[in-house]
Amino acid sequence: MKKNFVRKAAGACAVCAFTIGMNVVVLGPADSTLLKEMGVTKMAKGMSITKAQPTSAPLSLIKETLAPLATPSIDLQEKASDLANDSQDFIGPMPTATVAPTATPAPTATAKPVAKRYQSLAISVAKDYVNVRKSNSTDSKLVGKLQRGSAAKILKTKGDWIKIQSGDVTGFVKKEYVATGARAEKLSTKFGKKYAIVKKGTEVLNVREEKNTDAGIVTQIKDGDAVAVQSVSEDWVKVKTEDGETGYVAKEYVSTALRFKHAQVSAKKKTASSASSGETKATGNGGSAVAKYALQFVGNPYVWGGTSLTNGADCSGFVMRIYEKFGYSLPHSSAAQAGYGKSVSLNALQPGDLVFYKHGSSIGHVAMYIGGGRIVHAAGKKWGIITGNVNYHQPYCARRLL
């Protein structure tokens, strides 16, 4: 036998329910003697009931005493239902609250390591550009400008400054204006231009009209050639060559890399001693002398990223070195070079003028006008440094430095 619950009954009496077997019995105020025998004692005014010592009354006596209550004045089934549905009247002990299990802390997220090729990369996030200075001071000489989205190699960090090298510019920029580490890696796909580079050992790679080996051949590229990537699928890469032709190359024969714009420096006169040794010093003045000097290197190789007039240069590297002989400093980027000198009409070209061509939506190639409707330029791995028709591809604009 055990006490189940205690409830205030109608009026001022107390009702105590007990379980005997599977039966619920409700006791009235007249049963105080039995309550005492069972070890349950009424308290003072207020009719609260508390449990005393366990009863010593024999079970037979309890059953006999409870027998007359089989037909109580209170309907037991109705009272049991009433008790169940009227929980606010309970004055017995409340059930013990269940303590929720302690949640297991979520594992701390581990930052993804920055890929090695981005660990020394800095990308300008300035609104327009960040000044590149000779030393780590705002009072130091200005040596160039790193335009928004242009990239540089980190040489070292010094306090709030980073020493960088970008194209032909080496100097310091304020750390707050460049993205480095994981942030630079994230921004690289936004500001970098992806190129497909023919893998070493691939003598000739066909650029096809469609994504299958039975499609017609648009052109061919060779070991070391770099072409702009337009899209990448499972087995093929859609590319655009330097002369504007588009097609597909088998993915297994190329690797991809990002190229960024470099820092800009103002075109300025340089001393004769700045000319590299071992190469012929140009003489004479004017655009004709520049064009004549450039023609000396026709037949030499094209090297992507190169700046050697004898061992190989790309289009902007070729132009940069030619003008360097005449005391002018240009950046190693065709898009950046398009911001130097003054604009000139395509119908009024003179020898020495720079002619620019678009690849897609941006400038991607530069050539030098030599007169008679012709140009000299580092055309690509397949051709090297050659001469050609100025309209071999639709010119976008032209600039004059002299």
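Analyst: The side chains of Arg321 and Glu324 meet in a salt bridge, with 3.0 Å from N to O. This is a predicted model, so please read each distance as a computed value. Both partners belong to helix H6, which covers residues 315-324, and because they are three residues apart there, about one helical turn separates them. Arg321 and Glu324 are both buried.

Now follow the chain to another pair, Asp353 and Arg400, whose closest N and O atoms are 2.9 Å apart in a salt bridge. Asp353 lies in the loop between strand E22 (342-343) and strand E23 (354-359), whereas Arg400 is in strand E27 (residues 395-400), so this pair ties together parts that are 47 residues apart in sequence. Here too, both Asp353 and Arg400 are buried.

Lys174 and Glu176 give you a further salt bridge, at 3.6 Å from N to O. Lys174 is partly exposed, with 23% relative accessibility, while Glu176 counts as exposed because its relative accessibility is 55%, and exposed means over 50%. In total, the count comes to four salt bridges.

Of its 402 residues, 39% are buried. Among contacts with a separation of 6 or more, 56% come from residues 24 or more positions apart. The chain exposes about 22,800 Å², and carbon and sulfur atoms supply 50% of that area.

Key. Residues numbered from 1 in each chain as written. Predicted model: local features only at pLDDT ≥ 70, side-chain atom pairs only at ≥ 80, totals over all residues. Heavy atoms only, no water. Buried < 20%, exposed > 50% of the residue type's maximum accessible area, 1.4 Å probe, protein only. Contact = heavy atoms within 4.5 Å. Areas by Shrake-Rupley, 256 points an atom, 1.4 Å probe, with all protein chains shown as cover. Helix = DSSP H or I, 4+ residues; strand = E, 2+ residues; numbered from the N terminus.
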